[in-house]
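Open the model in your viewer and keep the selection panel at hand. The tour goes stop by stop.

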Amino acid sequence: MGRIIVVSADGHASPTVLAVRRYIDPAYRIYLDDLIREDVAYIGTRAMPARPPRLTLPVFDDRALVRSGGELGAADPDIRLEQMDAEGIAAEIVHVGTQVSQMPFFGVTNGVWPADVRAVGSRAYHRWLADFMAGCDGRLFGVADPGPCTDMDDTLRELEWVAEHGFVSVGVPGSTADPSLPALKDRFFEPFWSACADLGLVLSVHAGWGGSQTPVKEWRSAHDIGDGETTGGHDFNKLSEMMQVMGSPIRLGLQQPRRPMWQLMAGGVFDRHPRLKMALTEIRADWVPATLAHLDHRFDELHVPCERTPTKYFIEHCLVVPSSPHRAEVDMRDEIGVNRFGFGQDFPHWEGLWPNTLDWLRHAFGGVDETDLRAILGGNAIRFYGLPEAKLAGVAARIGPDAADILGDHPVSEELLQHFQRRAGYLRPADPVFVNEIDDMLEPDLAGLGIAAP
């Protein structure tokens with residue numbers, strides 16, 4: 001069957017302020033000094049959790065991919081290809097945001113910017129990323145920012161532009177929270193859904209979806225969760241403990257990006273647009289079986305007027321991409337749905353697999369059937385996003401792993417496994433699903449459709 005085509009459906013890129021400057025509308029370059037100040041503050045605060053630590057380099061950086069500046073592949077196409085080749089990654093779906101630089105105005109990590117400035121920054125990012133992808137030999141496929149969506153005609157023109165320039169996906173409106181926008185169920189968004197279906201743009205919901213832009217002065221106090229030298233700014237052992245607290249902000253923060261899935265189901269969007277697809281990325285996968293079972297029950301109990309059950313919508317329209325996949329999630333693959341399960345390396349973020357992708361896969365997928373392995377690591381993403389399989393097979397023939405490289409007898413040291421646990425909670429069991437927390441979000445969403453809980 002040849003080498004495995006590994007497709008990471010969760011990669012990231014971000015331009016430096018200097019690199020993006022030429023793509024910014026000249027009338028808006030007056031804001032670049034402010035963006036530079038944001039960039040400096042961001043790198044020293046909010047970016048810290050994603051930065052590879054230095055004191056434990058001997059444990060995880062045996063090939064010197066970090067020490068040689070590999071994370072700069074976030075903004076440099078030559079370095080990006082070197083890192084992809086070294087890790088056996090044939091292709092990546094590229095999302096916004098890295099620890100290397102701040103985004104131009106529109107992201108959830110930015111300070112507060114008005115809609116017109118966010119729209120200019122979003123367009124500039126798209127044009128930078130199109131050029132960045134062109135320098136990566138057709139192996140990167142972009143996820144566009146939806147923009148403020150305040151002017152739907154402008155939004156639709158931008159969707160056409162990105163579809164013509166190598167993008168395969170776009171964020172769901174509200175990626176950056178904006179209280180002026182109507183709810184996703186509103187008919188205002190019908191042209192957006194139609195355009196995405198017609199253009200073949202997959203809807204993307206990534207961790208952080210729905211976050212608000214925050215004044216820069218408020219950043220520092222909100223991100224003191226690690227020492228930065230041994231864990232990259234976070235320690236998932238601590239975060240796991242914090243997640244067990246009922247209603248914890250961390251757990252609710254993971255729940256929030258799942259809302260668009262059931263909002264589009266309940267609002268009939270998938271019924272009206274049967275070709276529409278949605279990828280749920282970097283928000284784990286262990287929640288899927290229990291959450292869908294609960295949604296099936298609640299939709300039936302409340303007589304939600306849609307044509308199918310949430311489970312059927314998920315099977316027909318969705319892909320879940322648990323970046324840095326946990327062994328517990330791989331063990332749940334049949335419950336989650338092997339054909340609805342993708343893979344994310346999360347380059348260059350520290351909680352991802354880079355620079356230890358092969359060892360991570362060896363432990364997470366050891367003993368898995370080869371057919372399932374090939375589907376999860378690449379086949380599902382190729383089908384879901386419509387990627388060029390023949391081209392990527394050629395890339396994999398040169399740099400990809402054999403099945404035996406992953407499924408053979410390849411012990412991974414306990415020291416490295418504990419490092420995976422510290423940076424991504426890799427060894428923890430599947431997280432419990434608290435249905436009351438789902439209902440706290442589901443019930444107001446359904447109430448907006450005129451469906452009240454008894």
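Is His-303 buried or exposed? Select His-303: the residue is exposed, with a relative accessible area of 65%. Here buried means under 20% relative accessible area, exposed means over 50%, and partly exposed lies in between, with a 1.4 Å probe and protein chains only.

Before moving on, note the ground rules. This is a predicted model, where local features need pLDDT of at least 70, side-chain atom pairs count only at pLDDT 80 or more, and totals for chains, interfaces and linings use all residues. Residues are numbered from 1 along each chain as its sequence is written, and side-chain values use heavy atoms, with hydrogens and water left out.

**Stop 1: backbone at two loops**

Stay on His-303. The residue sits in the loop between helix 12 and helix 13 (310-317). Its phi is positive, about 55°, although His-303 is not a glycine. Now select Arg-284, in the loop between strand 6 (278-281) and helix 12 (288-301). Arg-284 also has a positive phi, near 65°, and is not glycine. Arg-284 is buried, with a relative accessible area of 10%.

**Stop 2: the whole chain**

Zoom out and colour by secondary structure. The protein has 21 helices and seven strands. Helices (H or I, at least four residues) and strands (E, at least two) are DSSP runs, numbered from the N terminus. The radius of gyration is 21 Å, close to the 22 Å that the globule rule gives for 454 residues, so the protein is as compact as a globular protein of that length. That radius is taken over C-alpha atoms, and the rule is 2.2 Å times the number of residues to the power 0.38. Along the principal axes, the C-alpha atoms fill a box of roughly 55 × 50 × 45 Å.

The accessible area is about 17,400 Å², and carbon and sulfur atoms hold 54% of it. Areas come from the Shrake-Rupley method with a 1.4 Å probe; for residues, only the protein chains shown count as cover. Of the 454 residues, 59% count as buried.

**Stop 3: the nonpolar core**

Hide the surface. Which residues have the most contacts inside the largest nonpolar core? Select Trp-193, Leu-203, Met-261, Met-278 and Phe-365. This core has 111 residues. Helix 5 (residues 115-134) gives the most to this core, with nine residues. Apart from it lies another core, of 22 residues, including Ile-93, Val-202, Leu-387 and Ala-396. A nonpolar core is a set of buried Ala, Val, Leu, Ile, Met, Phe, Trp, Tyr and Cys residues joined through side-chain atoms within 4.5 Å.

Centre on Met-261. Leaving out residues up to four places away in sequence, Met-261 touches Phe-270, Met-278, Leu-280, Trp-287, Leu-292, Leu-295, Phe-314 and Cys-318. Contact means heavy atoms within 4.5 Å. Across the protein, residues 24 or more positions apart account for 80% of the contacts with a separation of 6 or more.

**Stop 4: Ser-194**

Select Ser-194 in helix 7 (residues 190-199). Ser-194 is partly exposed, with a relative accessible area of 27%.

**Stop 5: cis peptides**

Go to the loop between helix 15 (333-336) and helix 16 (357-365), where Pro-348 is found. The peptide bond from Phe-347 to Pro-348 is cis, with omega near -5°. Pro-355 is found in the loop between helix 15 and helix 16. The bond from Trp-354 to Pro-355 is cis, with omega near 5°.
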